[in-house]
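Colleague: I am new to this structure and would be grateful for a guided discussion. Could we begin by looking at it together?

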Amino acid sequence: MSEFAKPEVEYFELLPLILVCGAAFLGVLVEAFVPRRFRYVSHVVVSLAALVGALVVVIRLAGTVDEHGDRARGLIAAVGSVAIDGPTLFMWGLLLVLAIGGVLLFAERQLDGGVSAFSGQASAMPGSEAERVASTKGLEHTEVFPLLLFSVTGMMLFPASNDLLTMFVALEVLSLPLYLLSGLARRRRLLSQEAALKYFLLGAFASAFFLYGAALTYGFAGSMEFGAIAEAVRGATGDHTLVLIGMGLLAVGVLFKVGAAPFQAWTPDVYQGAPTPLTAFMSAGTKVAAFGALMRLFYVAFGDDRWSWQPMLWVIAVLSMFVGAVLALTQTDIKRILAYSAVAHTGFILTGVIGVQTSSSLADGELTSLQAVLFYLATYGFTSLGAFAVVSLVRDAGGETTALSKWAGLGKRSPLVAGVFAFFLLAMAGIPLTSGFVGKLAVFSVALAAGAWPVVIAAVLASVVAAYLYIRVIKTMYFDEPVGDGPSVTLPSVLTAVTIAVSVAVTLMLGVLPGPLLDLAGLAGEFIR
């Protein structure tokens, strides 16, 4: 019998994950033992302290990881299940910054008269006496903070996973809190609960596809680890049917999370029905995590068989761009417009993903597909976070209003809020001097270099359609006559104001001076193989 070998765990390298997950468990204990009147402050302090601490550790790790091969930096930790490399640290840093913004939006109380945007009593039926009593007493679910931290833990583990089993666990840890949070809106609760149910059912199907794909891939390679799968794909000389089916099923699970067509059906309903602070964070954080996992899966595990999956992503990218842009034109709700815009942006990001080339094909200093996608994820993350934060400010007599017709005249009623929202829309359209322009230029250039010019042409045409959509919203705010008394804008607390201000500053800075972040994404190197 062989001797038992004690596993070695790299605790310092895993410390960002440990801090965020530990804070989530601490939040559960706060709910159990801290009096109700102290829970809100306790949760906010614990959440922000954990996220900031984890961000500090990530920055520290970025300067200490060793080189691993020609273009990669980092190590394989946790007995081969977690890859802590340059791209992982970049995405961890981005996710933690976005999560800090999410906590600030979750903690906002001034917009709804002293309570948060989340339901006071989730177990009460909408319209019931119990709901009325909970609303009168100003009750709220402070459990949303540990749920957010659990989701952030899954988001951080998802792109860092080095085997299919860990990736599946991360997918579930990421998703389950979001299913719950989506049904906790204080206003329009029936719509919120419908969104949560749709998200859960469709997410369960996607998870099943992913798990079935993992089983088939294991049957082909005899291992769950990405390195072993890559070796099996590289050395395979017989029938590839099993691995192709497994690859396709795995793609379904991940493409569902990024909201790519034809797996985008959940996106508009969930974005519209979920509490707006959650929509803001989810729209940004989920894309970063899911695209990180998608690239690690296809670049590392199936990198030597890219001629099999690139045509599939060509089709999905083009489909996502046009489905998102065209269907957004038919929407009359701001959150649904931004949801279909997110679908279109998924197609644009996929344009960068399919621009992968071998290291020998890249000239010195040439932009890599990973570098371009990481930059685009950063630009879109801050733009989306800020845009949804602005949506939470526009009100009418019934509370937050997202009907496009109710936004008519907003430019006259509140020029600052309308101007900020218009700036975010122009960034999404890819107008020069915004981060969106540089992001699209980056992903289009790597796709062209890889020979995917048909996808780039389609992306340019879809961008024109999307630009018309954004201009239509701007025209409504500035040139349409208001309906009735018109929209009103509620003054937020410093928490939401800081989130919006930082999002504006980053969106402008990355449009005017994108070099430092592009260089940082380049320094991240490639995935460890």
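**Salt bridges, a hairpin and a surface patch**

Modeller: D85 and R296 are both buried, where buried means under 20% relative accessible area, exposed over 50%, and partly exposed in between (1.4 Å probe, protein chains only). This is a predicted model, in which local features need pLDDT of at least 70 and side-chain atom pairs count only at pLDDT 80 or more, while totals for chains, interfaces and linings use all residues. Residues are numbered from 1 along each chain as its sequence is written, and side-chain values use heavy atoms, leaving out hydrogens and water.

Colleague: At what N to O distance do the side chains of D85 and R296 meet?

Modeller: Side chains of opposite charge can pair when their charged atoms come close. A salt bridge here is a side-chain nitrogen of Lys or Arg within 4 Å of a carboxyl oxygen of Asp or Glu. The side chains of D85 and R296 form such a bridge, with an N to O distance of 3.0 Å.

Colleague: How many residues apart are D85 and R296?

Modeller: Helices (H or I, at least four residues) and strands (E, at least two) are DSSP runs, numbered from the N terminus. D85 belongs to strand β2 (residues 82-85) and R296 to helix α11 (residues 276-301). The pair thus links distant parts of the chain, and the separation is 211 residues.

Colleague: Is E31, which meets R39 in a salt bridge, buried or exposed?

Modeller: The side chains of E31 and R39 meet at 3.5 Å, N to O. R39 has 16% relative accessibility and counts as buried. With a relative accessible area of 13%, E31 is buried.

Colleague: Which residue in β2 is the bridge partner of A77?

Modeller: Two strands pair if DSSP finds at least two bridges between them. Strand β1 (residues 74-77) runs antiparallel to β2, and 4 bridges join them. The two strands form a hairpin with 4 residues between them, and A78 in the turn has a positive phi of about 55 degrees. The partner of A77 in β2 is V82.

Colleague: What accessible area do L433, L508, M509, V512 and L513 have together?

Modeller: Patches are made of residues with over 30% relative accessible area and no salt bridge, joining like charges within 9 Å and nonpolar side chains (Val, Leu, Ile, Met, Phe, Trp, Tyr) within 5 Å. L433, in the loop between α16 (415-429) and α17 (435-449), is exposed at 58% relative accessible area. Accessible areas come from the Shrake-Rupley method with a 1.4 Å probe, and for residues only the protein chains shown count as cover. Together, the five form a nonpolar surface patch of about 500 Å².
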